[in-house]
Amino acid sequence: MSLIQRHSAGEGSPANGTTHEVETTVKSNTPVNGEYRLLTLDAPQSVLDCKPGQFFHILCPVTMAEQPYLRRPMSIYGYSAEKGELQFLYKVTGEGTRALATLTKGDKLNVLGPLGVGFTIQDDWQNLLLLARGVGLATLAPLAQEAQRLNRKLVAICSARNEDVLMSIDHFKALGAEVITVTDAQGTSDLENLREIIENQIADHGVDVMYTCGSNRMLKLLQEIGAKHDIPGEIALEQQMACGLGMCQCCVRSFNRNGTITQERVCREGPVFGIEEAMAW
Amino acid sequence: MVDLTTKIGSLTLANPIMPASGTFSEDLSEVLDLHQLGAHVTKTITAEKRGGNPTPRVCEVRGSMLNSIGIPSKGVQHFIENTIPFYNAYDVPLVVSISANSADEFARICEQVSVPGVAAIEVNISCPNIEEDGKAFAMRPSTTTAVMEKLRSASDLPLWAKLSPNTGETIEVALAAEEAGADALVVANTLLSMAIDIHTRKPKLGNLMGGLSGPSLKPIALRMAYQCAKSVQIPVIGCGGISTVEDIVEYLIAGATAVQVGTATFINPNIMVTLLGQLESYLETQNIASLSDLVGSVRDEDAADSVVFMETAP
């Protein structure tokens, strides 16, 4: 996968307008289950030209109890230029997300984006497969929207600890995806079962590309299957970030490019990378 | 109309606000108009390619952040071929930040980047990450003198020495830099710090320690900028924890002739342009016709010299 150069040297232009720091208004911020919340923002058109896999850098509010300092990178869960809407699905885990959870309808929220290089869907990829677990669903959900728009077939394999925290099943189904669920509780989420499910998909319908997010286990599994069947894949990765724009060099990860280990910025060259070059961590 | 221009030695800047090295790159042009800045200051480069430090390279502490990036660098050739042409499309002075592990290497890269299109060289003699023990040239007057003398003979461009808050000899180091030929002082770099995750008991940075930046650094860097401005004849550029227009005014009153804004850009990428507008409004409402009327206007005449030059609290 080649790096996408987002500006050429020497243009000397005024702000070129691909990324904006904007004030949005909270439409709703509701619990999805015991762990996750869905935040829906009223956002200006300038930030709604998004691609699946891109992210926003969110300036979480400072409250009496929580004082987050840096912005928090968060994958886009949904975007709609028609509705003027931006959505984030997040797990409340730390200071930033606890502060985010306090937002209610009408509150303002400063966001910076859209940022990074998203997933690609090449013209000749008809049968798409995604493998998602936990909050990885949030990152992969916009792929379903894009697959529907491009009239591609999508199989979404959704994994979770138990049925209660299996999210977005209806969302994927509504967008025309075929959904296969596996859970730890049912004993169906182990790697060998996943391998069998994917192998069956390849044998029965063919798979042109595989997408995943975040998990080491799933990365290795898809790398193996991809190498065996010569199927390309993409993975969205995470790393601690400061600026989110590529300036600070905080969010690097190692990649294997034809035998050479290189370091790339997750915020700028990613967060989506070729699955064959991603390295387990 | 107020006069926002400021002079750093032979160099005149349209306004006193510029980015701090390491918090700025070509990438920011996606968010703001780089024409509006007083100068462009690039991330420190080294002669050779460097990978940088292990991750995590950043963590936050209350109201500030720690970083340990370790100066990843694509090398001087890549910089000359790609970065300098990018900035030369703007009519804004380009300040190139350099670093090296030895005085000779430092002089060599200083010579290499002394090319047309570069207005000044910021010499990062204070990065706390680059040498094994975390010590940097700017820790001591003797090492500051040694490296600055070599740098001075390597280039005719203005040299801005970036000082370290990790030294106990601020004034001695500042004087050493001036005497060895520095044209300005940038005061200051980050303060060596640490944070530990109490659940895992692991240091929060991959490199164990890193540099503190953000609002909690400001009183320290401001104190240093004041001490330096009192001690040297060359211009002082204030740097450390600036996030509001009041912070800028405070540095100017302390004696800085320009300021660098760093970590605040990570929080609000547009902050430098916002602050510029606010500074202009401030000067107008205060009936201050020229920025230079503010510089060094601190009313410390009642204090004894020994207070000004003390290194520890009484």
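The model is predicted. The largest nonpolar core contains 122 residues, and another core, of 34 residues, lies apart from it.

**Overall build of chain A**

- Five helices and 15 strands make up the secondary structure of chain A.
- The C-alpha trace of chain A extends over about 50 × 50 × 35 Å along its principal axes.
- Of the contacts in chain A between residues at least 6 apart in sequence, 66% link residues at least 24 apart.

**Surface and charge of chain A**

- Of the 281 residues in chain A, 57% are buried.
- Chain A has an accessible surface of about 11,600 Å², and carbon and sulfur atoms account for 48% of that surface.
- The side chains of chain A include 25 positive and 33 negative ones.
- The centres of the positive and negative sets in chain A are 4 Å apart.

**Nonpolar cores**

- The residues with the most contacts inside the 122-residue core are A:Ile198 from chain A, together with B:Ile98, B:Val123, B:Ile125, B:Met148, B:Leu185 and B:Leu279 from chain B.
- Apart from this core lies another one of 34 residues, including A:Leu89, A:Val165, A:Met167 and A:Ala236.
- Leaving out residues up to four places away in sequence, B:Ile125 touches, among others, B:Phe106, B:Ala136, B:Phe137 and B:Ala138.
- Further contacts of B:Ile125 include B:Thr144, B:Val147, B:Met148, B:Ala161, B:Lys162 and B:Leu163.

- A:Thr262 belongs to strand E14 of chain A, which covers residues 260-265.
- The relative accessible area of A:Thr262 is 21%, and the cut-off for buried is under 20%, so A:Thr262 counts as partly exposed.
- Beyond its neighbours within four places in sequence, A:Thr262 contacts A:Arg253, A:Ser254, A:Phe255 and A:Arg257.
- A:Val252 is ten residues from A:Thr262 in sequence, and their C-alpha atoms are 9.5 Å apart.

**Cis peptide bonds**

- Most peptide bonds are trans.
- In chain A, a cis peptide bond connects A:Gly270 to A:Pro271, with omega about 10 degrees.
- A:Pro271 sits in the loop between E14 and strand E15 (272-274) of chain A.
- In chain B, a cis peptide bond connects B:Thr55 to B:Pro56, with omega about -5 degrees.
- B:Pro56 sits in the loop between strand E4 (40-41) and strand E5 (58-61) of chain B.

**Residues with positive phi**

- Most residues other than glycine have a negative phi.
- B:Leu208, which is not a glycine, has a positive phi near 70 degrees.
- The loop between strand E11 (191-194) and strand E12 (209-213) of chain B holds B:Leu208.
- B:Leu208 is partly exposed because its relative accessibility is 43%.
- B:Asn287, also not a glycine, has a positive phi near 55 degrees.
- The loop between helix H8 (271-285) and helix H9 (305-308) of chain B holds B:Asn287.
- The relative accessibility of B:Asn287 is 71%, and exposed means over 50%, so B:Asn287 counts as exposed.

Notes: Residues numbered from 1 in each chain as written. Chains lettered and ligands numbered in written order. Predicted model: local features only at pLDDT ≥ 70, side-chain atom pairs only at ≥ 80, totals over all residues. Heavy atoms only, no water. Helix = DSSP H or I, 4+ residues; strand = E, 2+ residues; numbered from the N terminus. Buried < 20%, exposed > 50% of the residue type's maximum accessible area, 1.4 Å probe, protein only. Contact = heavy atoms within 4.5 Å. Areas by Shrake-Rupley, 256 points an atom, 1.4 Å probe, with all protein chains shown as cover. Lys, Arg positive; Asp, Glu negative; His and termini not counted. Charge placed at Lys NZ, Arg CZ, Asp CG, Glu CD. Core = buried A, V, L, I, M, F, W, Y, C linked by side-chain atoms within 4.5 Å.
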